[in-house]
Amino acid sequence: MDSMMMDEMSKSMKAMPDMAAMDMSVMQACMDACAACEQACTVCSTQMMDCSPACMNCADMANTMMRSMMRMQGMTPASMMAMLDACIAMCQTCMDECMMHADDSDVCRMCAQACQACMDACMAMKTMMMASA
């Protein structure tokens with residue numbers, strides 16, 4: 001992301017109570033993982049397999065998580081943690097569904113991997129938030 005944008009996001013984030021010490025690189029990695037997850041889930045949902053509903057929901061959740069991180073105004077640490085938990089839960093559901101087809105579908109395998117990466121990035125974000133609180 002452009003450094004000017006990261007600087008502006010950092011200013012917004014530092015305005016949040018108890019979040020002045022957050023690491024922007026962890027946040028950027030989480031946003032990137034959410035964007036990749038959204039894309040993978042959207043592609044996977046077009047296969048019209050049993051995992052399609054979970055993929056569509058996960059794509060929406062990952063997008064919402066990413067967009068929320070880009071506009072920190074109005075967020076509280078508690079609401080951000082709740083959103084991260086929701087994103088992790090939706091990614092887990094989607095990954096579990098896609099893994100049922102992973103042996104037969106490269107797209108499902110890719111989607112499951114993107115979901116795992118998104119979960120990992122959201123967990124890293126939560127860990128960072130708890131450490132900086």
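These legends describe close-up views of a predicted model of one protein chain.

**View 1**
Read along the sequence, the pattern is α-α-α-α-α. Of the 133 residues in the chain, 47% are buried. The accessible surface comes to about 6600 Å². Carbon and sulfur atoms account for 58% of that surface. Now look at contacts between residues at least 6 apart in sequence. Among these, 71% join residues at least 24 apart.

**View 2. The largest nonpolar core contains 45 residues.**
Which members of this core touch the most other members? They are Cys 34, Cys 41, Met 69, Cys 94, Cys 98, Cys 115 and Met 125.

**View 3. Cys 34 sits in helix 2.**
Is Cys 34 buried or exposed? Cys 34 is buried, because its relative accessible area is 0%, and buried means under 20%. Cys 34 touches Ala 62, Met 65, Met 66, Met 69, Cys 87, Cys 118 and Cys 122, leaving aside residues up to four places away in sequence. Take Met 66 from that list. Cys 34 and Met 66 are 32 residues apart in sequence. In space, their C-alpha atoms are 5.8 Å apart.

**View 4. Helix 3 spans 27 Å.**
Helix 3 has 19 residues. From first C-alpha to last, helix 3 reaches 27 Å, close to the 27 Å expected at 1.5 Å a residue. Which residues of helix 3 are buried? They are Ser 52, Ala 54, Cys 55, Cys 58, Ala 59, Met 61, Ala 62, Met 65, Met 66, Ser 68 and Met 69. When tracing such a list, keep the helical turn in mind. An α-helix has 3.6 residues a turn, so residues three or four places apart point the same way.

**View 5. Ser 68 is a buried residue of helix 3.**
The place of this serine, Ser 68, is in helix 3. Why does Ser 68 count as buried? Its relative accessible area is 7%, and buried means under 20%. What does Ser 68 touch, not counting residues up to four places away in sequence? Ser 68 touches Met 75, Met 80 and Met 83.

**View 6. Cysteine sulfurs here form 0 disulfides.**
Start with Cys 44. The closest cysteine sulfur to that of Cys 44 is in Cys 108. Cys 122 is in no disulfide either. For Cys 122, the nearest cysteine sulfur is that of Cys 30, 3.8 Å away. Cys 44 counts as buried, at 0% relative accessibility. Cys 122 also counts as buried, at 0% relative accessibility.

**View 7. Met 48 lies in the loop between helix 2 and helix 3.**
What is the phi angle of Met 48? Phi is near 60 degrees, a positive value in a residue other than glycine. Is Met 48 buried or exposed? Met 48 counts as exposed, because its relative accessibility is 68% and exposed means over 50%.

Definitions and conventions
Residues are numbered from 1 along each chain as its sequence is written. This is a predicted model: local features need pLDDT of at least 70, side-chain atom pairs count only at pLDDT 80 or more; totals for chains, interfaces and linings use all residues. Side-chain values use heavy atoms; hydrogens and water are left out. Helices (H or I, at least four residues) and strands (E, at least two) are DSSP runs, numbered from the N terminus. Buried means under 20% relative accessible area, exposed over 50%, partly exposed in between (1.4 Å probe, protein chains only). Contact means heavy atoms within 4.5 Å. Accessible areas come from the Shrake-Rupley method with a 1.4 Å probe; for residues, only the protein chains shown count as cover. A nonpolar core is a set of buried Ala, Val, Leu, Ile, Met, Phe, Trp, Tyr and Cys residues joined through side-chain atoms within 4.5 Å. A disulfide is a pair of cysteine sulfur atoms within 2.5 Å. The expected span of a helix is 1.5 Å times one less than its number of residues.
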